[in-house]
Amino acid sequence: MKARFEVNGHKVEVAVEPRLTLADCLRHHLRLTGTHVGCEHGVCGACTVLVDGKAVRSCLMLAVQAEGSKVVTVEGLSKDEGLTPLQASFRKHHALQCGFCTPGMITTAHALLSEEPDCDADRVREVLSGNLCRCTGYVSIVEAVLDARAAYKGGTS
Amino acid sequence: MKNTFIGAPMERREDLRFLRGRGEYVDDLEVDGLLHAVVLRSSVAHGRIAALDASAALKCPGVHAVITAKDMPGGVPIIPMRLQPLPEFKPYEQPVLAHDKVRYVGEPVAVVLAESVALAEDALEAIALEIEPLPAISDYATAVQNKSLLFEATGTNRSLVFHARKGDADAAFRDAPYTRRERFSTGRHYGLTMEPRGVMAQWNAETSRLTVSGAAKVPFFNRRILAKQIGLPETAIDMIENDVGGGYGARGEFYPEDFLIPFAARHINRPVKWTEDRRENLMAMNHAREAAADIELACARDGTILALRGDIHNDMGAYMRTNGAVGARNVCQFLAGPYRVPHVKVDSHLWMTNKTPVGTYRGPGRFESNFFLERLIDMVAAALGIDRVEFRRRNLVTQAEQPYPIADVQPTDAKDKYDSGEYQAAFEQCLKEIGWHEKAKLCGRLIDGRYHGLGVSCFIEGGAAGPKETARLEVNDDGTFSVYLGTTSVGQGVETIFAQIAADALEVPIDRIRHVYHGSTHYVSDGFGAYHSRSTVMGGSALLDATKNFHTAIRAAGAKRLGCDASTVAIDGDKVSNPDGRSFPLSDLAGLTAEGTFSNHHHTYSYGTHAVHVAVDPKLGRIEIVDYVVVQDVGRAVNPLTLKGQVIGAVVQGLGGACLEHLQYDDDGQFLTGSLADYLLPTASDFPNLRCVITEDYPCPNNPLGAKGAGEGGIIATGGALANAVAHALAPLGAEPRDLPLTPSKVWELVGRKRV
């Protein structure tokens, strides 16, 4: 069947099986491989994308459920040149090593900071506790997100 | 130009692609005509394969082939061991497909090739596999009885005993004024990588060449295995390292799928890709750590350690895999830790069980042995009435005693000495950082419903395994440089670190190091890879050697072109010049290249101390980390930013192993923790208060960088430090943790039992 939705500002129409997850649709049909699949059962958060502004696990959502939605992936949050303030903060704080969980961390943190630019460390930890990272121990990720708050105040980024 | 990029906390080059979703991991690859593989795995822990019928599966839509042992008429290849390949282990090595018996839940039996992963998984259900069950061995205590045997031909479930020996421990025990014997155990963990494993193989029938993507950690060694198994010259195989989503010792060893996928690609003459799902990953990737210790310490009344002896039983799982013996060797070789122990006699027993086979996981054998000894030290110190800090102070090895010899291990050639370091200095600094003196009075106090406690644990970390590493430099068209490495990246920042080393060695601005290529087998003549915290030390030292050869080659080329003696040629920025002032741009030498190597059998030994302040909720069994400090001396830090990342990341992995993680089986060998909802990893809200201090007081005398491997020290002492802190928190209740992980229920049990 056909699924019609918007990805990173572009309208797409994809022929999919009903059982295809949004994650697999993004990765293998639309070739947006920045979204990673780490567990396929909604625990690790690596596949997190924004659906109508909310952070969503794309492994727990079927592609056909995205019908009519606006989907943003890590590629859609990025600039052609350089890094966004959130990405630059991740780099500054060494908030990534192998990079596999990173797209999910960036999308989740972006959704959080967009809604709550004044969040404190406990809140950052609470929200990010849905995204597993095996490399960093999270300390640097929390620092990076807190340090990026300023860029979200006033509704920019 | 004298650079100091080495030692600078530089931001990473690789981050630019990772942060924007532009990394390329093996599952991101797509090629024309690609078929997808899925693996049928045994659902029975121990049994005989009575029947295997794939005919119905072959009729499923989109299915192209089902590969079983019958497709390998020359015999099913066996995966050889990479480290400690002793003849005793031969009978226990793993075939790439089970064909007679199955020995663990998750063992590969067949491979389905289909148009999509979903279609292949549909067909998997249609394969008729009949297994006649045999009694399963689900722990070492059952293995010891030898009633049911995994390998009947050997007549035993014990594949080997490692003997760690130094001095005459039995004599020392006979005369010792005080001895204490205790039993401890650690849980079953694994180096879970966030990226599941994957392989994509492309066979070119016209040129008889095989390209294997998804290589990691040790691609040159794996190419040797694959070439032999598949009957091709090594030079006909290219192993390609893509971005690798974590290693931790587990990713990149040669697994059954590393043969099966290339074999399938050649068999069907189409590209084939396989990516495991998380459930497979939990039951197929190397397990680690599960060990039980029965050990004994002999001391003088003043707390001077006299001798150490005992037995350690390792639950090896069903086969001896490539690096499966490392943990069992280390657990006896390093049981004495950073302490002065004149007499050692420790036997490490390797018991085969019907579980996923073991391999290394960051700090193999070291995490376990550290927990065993550090817990025992606290118990001994208390019994002798000596402060546990004073006890450690008295026994830590001093710089004056370096190089300090440790126990030999038979039947291997493991003889070793620590290299340099004043271990007490790191210890004192760690105590100071955490405020031990002021906080000590909190131990055992109940404050707002939680018991507070302090724990300390001292560690030694081995690094820089030999025998060799290779690096190469090349001039690019625009006069910049490319670095090619035989070592590999598993996410630790290789591109940044080697750009720093290269820029310093070449004395050029760092942006003139255009590319750092690593891992794939076509970059250098031979490579050894990323394990045993060796990349920076071995690869970095090889790069220094390559620089010498590279400069010699540039001078020789300059002499020829400028008509002068090579010794008078100067390399000045992007120009090559002679004393007459004649010069030409370096870019004229584009393509000029030189390789260098570093050979070394001396391991590096970084060292340090962990100290932790915990608050334990006796009702919920929850352990809160109030403060955690690591002090580690690494000889020389190339990039303090990434190094601290290694330490803190390792601490959290270790706390996961100390508090949460355990791969569980039932008595029938059925695997019970097949999802991330069952095998619990630390999350962002679990362990917030962590700090580390890096010192460079004692450079390694055995390599030109002076660096010591430092990727594992953060994990090694976590179990010991945490369990000691919990013991001191719950001291009023008389609790003595002897088994990890300290899950809430286990803590609750420790508390509850003492209350009655």
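Trainee: Before we start, what are the ground rules for the numbering and the confidence cut-offs?
Mentor: Residues count from 1 along each chain as its sequence is written, chains are lettered from A and ligands numbered from 1 in the order in which they are written. The model is predicted, local features need pLDDT of at least 70 and side-chain atom pairs count only at pLDDT 80 or more, while totals for chains, interfaces and linings use all residues.

Trainee: OK, chain A. How many helices and strands are there?
Mentor: Chain A has 6 helices and 5 strands; these are DSSP runs numbered from the N terminus, helices being H or I with at least four residues and strands E with at least two. Along the sequence the order is β-β-α-β-β-β-α-α-α-α-α.

Trainee: And which domains does chain A have?
Mentor: Domain 1 covers 2-76 and domain 2 covers 85-152, with bounds from an automatic or database domain assignment. Their centres, taken over C-alpha atoms, are 21 Å apart. Domain 1 puts 14 residues into the contact and domain 2 puts in 11, where contact means that C-beta atoms, placed from the backbone, lie within 7 Å.

Trainee: Which strands does domain 1 use on that side?
Mentor: β3 (48-51) and β4 (54-57) of chain A each supply at least two residues. The largest share, 3 residues, comes from β3(A).

Trainee: What about the side of chain A that touches chain B, how many residues are in it?
Mentor: 43 residues of chain A meet 44 residues of chain B. On the chain A side, the elements giving two or more residues are α2 (85-92), α3 (102-115), α4 (121-128) and α5 (139-147). That side splits into 20 nonpolar, 15 polar and 8 charged residues. Here Ala, Val, Leu, Ile, Met, Phe, Trp, Tyr, Cys and Pro count as nonpolar, Asp, Glu, Lys and Arg as charged, and the others, Gly among them, as polar.

Trainee: Switching to chain B. Is β16 (residues 305-315) largely enclosed or open?
Mentor: Strand β16(B) is largely enclosed by the rest of the structure, because 10 of its 11 residues are buried. Buried means 20 or more other C-beta atoms within 10 Å of a residue's own, exposed means 12 or fewer, and partly exposed is in between, with C-beta atoms placed from the backbone.

Trainee: Which strands pair with it?
Mentor: β15 (residues 291-299) joins β16(B) antiparallel through 9 bridges, and β17 (residues 343-351) joins β16(B) parallel, also through 9 bridges. Strands pair if DSSP finds at least two bridges between them.

Trainee: How does the chain get from β16(B) to β17(B)?
Mentor: The chain goes through helix α9 (residues 326-333) in a right-handed β-α-β crossover. Right-handed means that, with the strands pointing away from the viewer, the path from the first strand over the helix to the second runs clockwise.

Notes
Contact = placed C-beta atoms within 7 Å.
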